Amino acid sequence: MSEVLVLVDHVDGDVRKSTFELLTAAKALGEPTALFIGDAAKGEAAAAKLGEYGAEKVLVASDPAYDEFLVGPKAELLAELISTRQPAGVLVPASAEGKEIAGLAAIKTGSGILTDAVGVAEGFVATQSVFAGGYTVESKVTRGTPIVAIKPNSVAAEPSQGAAAVESVGFAPSDAAKTARITATEEKPASGRPQLTEAATVVSGGRGTGGDFAPVEALADALGAAVGASRAAVDADWYPHSAQVGQTGKTVSPQLYVACGISGAIQHRAGMQTSKNIVAINKDEEAPIFELADFGVVGDLFSVLPQATDAINARK
């Protein structure tokens with residue numbers, strides 16, 4: 001079978017769920033090979049887990065440049081592997097870094113790239129939501145090696161044992177790739193909630209909260225969900241920009257999305273329209289969000305959310 005490269009998304013060796021989803025997708029397209037960029041020992045330790053989801057090979061690339069500089073060295077590495085290994089295709093997580101690495105590698109190899117896919121079929125035909133979520137299309141790369149960035153939660157991760165044979169990649173990034181140095185990092189305060197783009201459940205608040213996100217956070221904690229916010233809420237400084245869902249924020253595709261006090265402007269819909277199940281809570285029965293919702297509740301979120309939270313906690 002043809003090799004399919006999968007870029008491993010990890011934090012200090014801890015592999016994120018989105019990578020297991022990519023490996024599952026890769027298994028249906030060919031023979032999955034995971035590319036781990038980082039500390040060699042942590043890459044070898046992660047290999048066993050990657051193998052549980054179908055990785056036949058685990059390429060471990062370790063060089064100080066990958067941590068000292070921005071995406072240039074990683075993109076150069078991926079481009080080199082595409083050129084030398086000639087895979088059938090490449091799958092990357094549709095994160096900010098993943099898409100930037102993929103874009104640079106595509107340019108270097110003369111390949112086509114498809115971003116924010118919610119599925120990929122035989123022949124690397126990607127399903128995408130385009131024009132702010134107005135249309136769903138199927139797209140295919142017609143030049144070079146197909147590179148597809150897939151949104152988290154778009155593919156159900158399924159265990160499938162692979163050999164996970166570890167191979168060390170001896171590649172030294174060029175000086176040209178080392179132009180943007182990382183001068184400092186700041187650890188994000190832990191909230192105890194899952195990462196927004198990877199969460200299976202997201203509860204978001206909008207203008208209707210009036211700046212009080214307490215009921216939204218309480219429901220999110222009861223569901224084990226991440227908390228999101230609309231642009232209106234973020235622009236009003238009610239919630240951090242890192243939580244913004246929408247065309248100018250983050251794109252999410254959870255199993256369940258709960259929109260609280262969000263009208264449903266096209267900008268917001270573009271960031272959450274591919275969610276599997278959408279619940280909307282709004283006082284305005286004419287709010288556009290109800291056109292998109294699978295379930296709608298016309299009511300005051302300050303009345304509805306506490307009741308829902310209490311009912312969920314009672315069932316635990």
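Guide:

**Where the domains meet**

Domain 1 and domain 2 bury about 710 Å² between them, of which 52% is on carbon and sulfur atoms; buried area is the accessible area (1.4 Å probe) that two parts lose on being put together, summed over both. The model is predicted: local features need pLDDT of at least 70, side-chain atom pairs count only at pLDDT 80 or more, and totals for chains, interfaces and linings use all residues. Residues are numbered from 1 along each chain as its sequence is written, and side-chain values use heavy atoms, with hydrogens and water left out.

The domain assignment gives domain 1 as 3-177 and domain 2 as 201-314; such bounds come from an automatic or database domain assignment. The centres of domain 1 and domain 2, taken over C-alpha atoms, are 31 Å apart. Across the boundary, 9 residues of domain 1 are in contact with 10 residues of domain 2, contact meaning heavy atoms within 4.5 Å.

Between domain 1 and domain 2 there are 2 residue pairs in polar contact, both at pLDDT 80 or more. A polar contact is a pair of N or O atoms within 3.5 Å; within protein, one must be able to donate a hydrogen and the other to accept it, and residues adjacent in sequence count only if both atoms are side-chain atoms. By class, the side of domain 1 that touches domain 2 has 3 nonpolar, 5 polar and 1 charged residues. Here Ala, Val, Leu, Ile, Met, Phe, Trp, Tyr, Cys and Pro count as nonpolar, Asp, Glu, Lys and Arg as charged, and the others, Gly among them, as polar.

The count of salt bridges between domain 1 and domain 2 is 0, a salt bridge being a side-chain nitrogen of Lys or Arg within 4 Å of a carboxyl oxygen of Asp or Glu. A search of the whole structure finds 13 salt bridges. One pairs Arg181 with Glu68, with the closest N and O atoms 3.9 Å apart. That pair links distant parts of the chain, 113 residues apart: Arg181 is in the loop between β11 (165-169) and β12 (201-205), and Glu68 is in helix α3 (residues 65-68). Helices (H or I, at least four residues) and strands (E, at least two) are DSSP runs, numbered from the N terminus.
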